[in-house]
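Let us read a structure together, one feature at a time. Keep the sequence and the 3D view open as we go.

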Amino acid sequence: MRAKKADEETREPSFLGLVGSDPLTVVIRGHIFIESRLANLIESKLVEPGAIDVGRLNFHNKVGLAVALGSLPIELKQSLKTLNGLRNRLAHNVHAQITRADAERLFKSLPKTMREVMGPKDHTLLDCIAFLYGRLQGLGDRRTKEGNL
């Protein structure tokens, strides 16, 4: 019983906690979750992880470093840049509003293969952010399995 509680305390919070949240929360919290996944992908590739504080890198630099290390497919770079731009607009402008065009812009920035998997329906910001997060989660899971082989 004690081991189960310790495992629950160290596990990353569920992304599904965003479901039902307002769009602003989805963008801000989704960005935080995605940034955490990026940091994990980067750290998994570092030979000397203590040599750099990945947490001090801004989002833009984390994306670039993850691509440079081969941890992140380059085709996801534009989507993450689009999400970061939306997050920055909302975080730095008290009058900024989230529009349907924001979700459409993020959807269109996804790689074609991801858009095809998601299908032609109208997509919300949560759909797009959850899909991006899932893709990054899958990359991390794959790298963990490869490291254990």
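Q: Which side chain does lysine 112 meet in a salt bridge?
A: First, the general idea. Side chains of opposite charge can pair when their charged atoms come close. The cut-off is a side-chain nitrogen of Lys or Arg within 4 Å of a carboxyl oxygen of Asp or Glu. Here, lysine 112 meets glutamate 116, at 3.9 Å from N to O.

Q: What kind of model is this, and how are residues numbered?
A: This is a predicted model, where local features need pLDDT of at least 70 and side-chain atom pairs count only at pLDDT 80 or more, while totals for chains, interfaces and linings use all residues. Residues are numbered from 1 along each chain as its sequence is written, and side-chain values use heavy atoms, with hydrogens and water left out.

Q: Where do lysine 112 and glutamate 116 lie?
A: An α-helix has 3.6 residues a turn, so residues three or four places apart point the same way. Both lysine 112 and glutamate 116 are in helix H6, 4 residues apart, or about one turn. Helices are DSSP runs (H or I, at least four residues), strands are runs of E (at least two), and both are numbered from the N terminus.

Q: Is lysine 112 buried or exposed?
A: Read the relative accessible area: buried is under 20%, exposed is over 50%, and partly exposed is in between (1.4 Å probe, protein chains only). Lysine 112 counts as exposed at 54%. Glutamate 116 is exposed too, at 51%.

Q: How many salt bridges does the structure hold?
A: It holds 7. One of them links arginine 100 to aspartate 122, with the closest N and O atoms 3.7 Å apart. Arginine 100 lies in helix H5 (residues 100-109) and aspartate 122 in the loop between H6 (112-118) and H7 (125-148), so the pair ties together parts 22 residues apart in sequence. Arginine 100 is partly exposed at 41%, and aspartate 122 is exposed at 60%.

Q: How many helices and strands does the protein have?
A: It has 7 helices and 0 strands. Of its 149 residues, 36% count as buried.

Q: Which residues of helix H3 are buried?
A: In H3 (residues 59-68), they are Phe59, Lys62, Val63, Ala66 and Val67. Seen down the helix axis, these residues fall within an arc of 130°, so they line one face of H3. The arc is taken from the directions from the helix axis to the C-beta atoms. The face turned away from that side carries the exposed residues His60 and Ala68.

Q: What covers the buried residues of H3?
A: Think in contacts, meaning heavy atoms within 4.5 Å. The cover includes helix H2 (23-45) and helix H4 (77-92). Just after H3, glycine 70 takes a positive phi of about 80°.

Q: Which residues touch the most other members of the largest nonpolar core?
A: In soluble globular proteins, nonpolar side chains tend to be buried together. A nonpolar core is a set of buried Ala, Val, Leu, Ile, Met, Phe, Trp, Tyr and Cys residues joined through side-chain atoms within 4.5 Å. In the largest core, of 34 residues, the answer is Ile34, Leu38, Leu72, Leu80, Ile129, Leu132 and Leu136. H2, H3, H4, H5, H6 and H7 each supply at least two residues of this core. Its largest share, 8 residues, comes from H2.

Q: What does isoleucine 34 contact?
A: Leaving aside neighbours within four places in sequence, isoleucine 34 contacts Phe59, Leu80, Leu83, Ile129, Leu132, Tyr133 and Leu136.

Q: Where is histidine 31, and is it buried or exposed?
A: Histidine 31 is in helix H2. It is buried, at 3% relative accessible area.
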